[in-house]
Amino acid sequence: VAAGSFVGFSVLGFAVFPSDSVFFWAHLGKSDQFGDPTRLDNLSLHSMLMRWDPSVGQYSASWLLLGAAVLVLALWQARRHYLRGEWLSSALVVGAAASVVGPIAWPHYLVWTVLAGTWLLFAPRARARLVGAGILMTTTAAFSVLMALWVGLSAPAYALVDLQVVVPMLIGLCGLPERNERLTTDGRLGAHRLKRSRVQPSEAD
């Protein structure tokens with residue numbers, strides 16, 4: 001469905017705006033058409049590389065290889081989630097990774113990161129809740145720094161802004177933690193949960 005939609009709307013774009021479509025695809029990967037590629041509100045992998053080291057970021061091959069690696073691993077992690085029945089986690093992993101691999105990634109693109117953190121924050125498993133809280137706190141702190149820079153305030157570490165790029169990239173590379181406790185082969189929860197819920201003889205009396 002996604003591939004068919006991509007092809008269909010691309011053909012439609014060529015039919016309606018042929019010259020604009022040719023220009024877009026001929027300049028694919030050049031984020032400077034939207035201004036300075038190092039601008040802080042562009043939260044793509046390409047712009048992050050340009051901010052860190054322009055000598056590396058100016059070569060399209062560097063961010064294309066990095067972006068391809070993130071996407072491939074994100075699809076692999078998404079498949080693992082899907083096979084475990086974690087369909088929403090599968091979609092969130094792909095969405096988070098895809099939001100930063102293109103040449104342009106405005107702040108509102110990263111809604112996938114917030115959704116992933118919120119989804120984990122209400123998970124039954126403590127580790128998943130901890131990771132979810134970490135995602136939300138890190139993203140909020142980085143976004144606060146970005147807002148401070150926009151209004152002209154000084155910030156102690158400009159690199160904090162790029163946490164908004166690193167976090168979704170890591171979600172793609174590592175996937176999300178399992179939300180639920182694993183079941184044993186006999187269909188029961190793990191031994192640590194059984195032990196914790198078992199009633200002691202003294203309490204039963």
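Here are some friendly notes on a predicted model, point by point.

1. Ground rules. In this predicted model, local features need pLDDT of at least 70 and side-chain atom pairs count only at pLDDT 80 or more, while totals for chains, interfaces and linings use all residues. Residues are numbered from 1 along each chain as its sequence is written, and side-chain values use heavy atoms, with hydrogens and water left out.

2. Helix α7. Helices here are DSSP runs (H or I, at least four residues), numbered from the N terminus. In α7, which covers residues 111-121, the buried residues are T113, A116, G117 and L120. Seen down the axis of α7, these buried residues fall within an arc of 95°, so they line one face of the helix; the arc is that of the directions from the helix axis to the C-beta atoms. Buried means under 20% relative accessible area, exposed over 50%, and partly exposed in between (1.4 Å probe, protein chains only).

3. T113, found in helix α7, is buried, with a relative accessible area of 1%. Leaving aside neighbours within four places in sequence, T113 is in contact (heavy atoms within 4.5 Å) with I135, T139, V167, P168 and I171. Counted in the same way, the contacts of I135 include T113, G117 and L120, and also V167, I171 and L176.

4. The nonpolar core. Such a core is a set of buried Ala, Val, Leu, Ile, Met, Phe, Trp, Tyr and Cys residues joined through side-chain atoms within 4.5 Å. The largest one has 26 residues, of which L45, V70, I135, V165, I171 and L176 touch the most other members. At least two residues of this core come from each of α3 (45-52), α5 (60-83), α6 (87-101), α7, α8 (126-150) and α9 (163-174). The largest share, six residues, is supplied by α6.

5. Helix α9. Buried residues in α9 include V165, V166, V167 and I171. After α9 comes G175, whose phi is positive, near 75°.

6. The aromatic pair. Rings of Phe, Tyr and Trp (its six-membered ring) pair if their centres lie within 6.5 Å; planes under 30 degrees apart count as stacked, over 60 as edge-to-face and the rest as tilted. A search of the whole structure finds one aromatic pair: Y82 and W87 are stacked, 5.7 Å centre to centre with 15° between the planes. Y82 is partly exposed at 48% relative accessibility, and W87 is exposed, with a relative accessible area of 56%.
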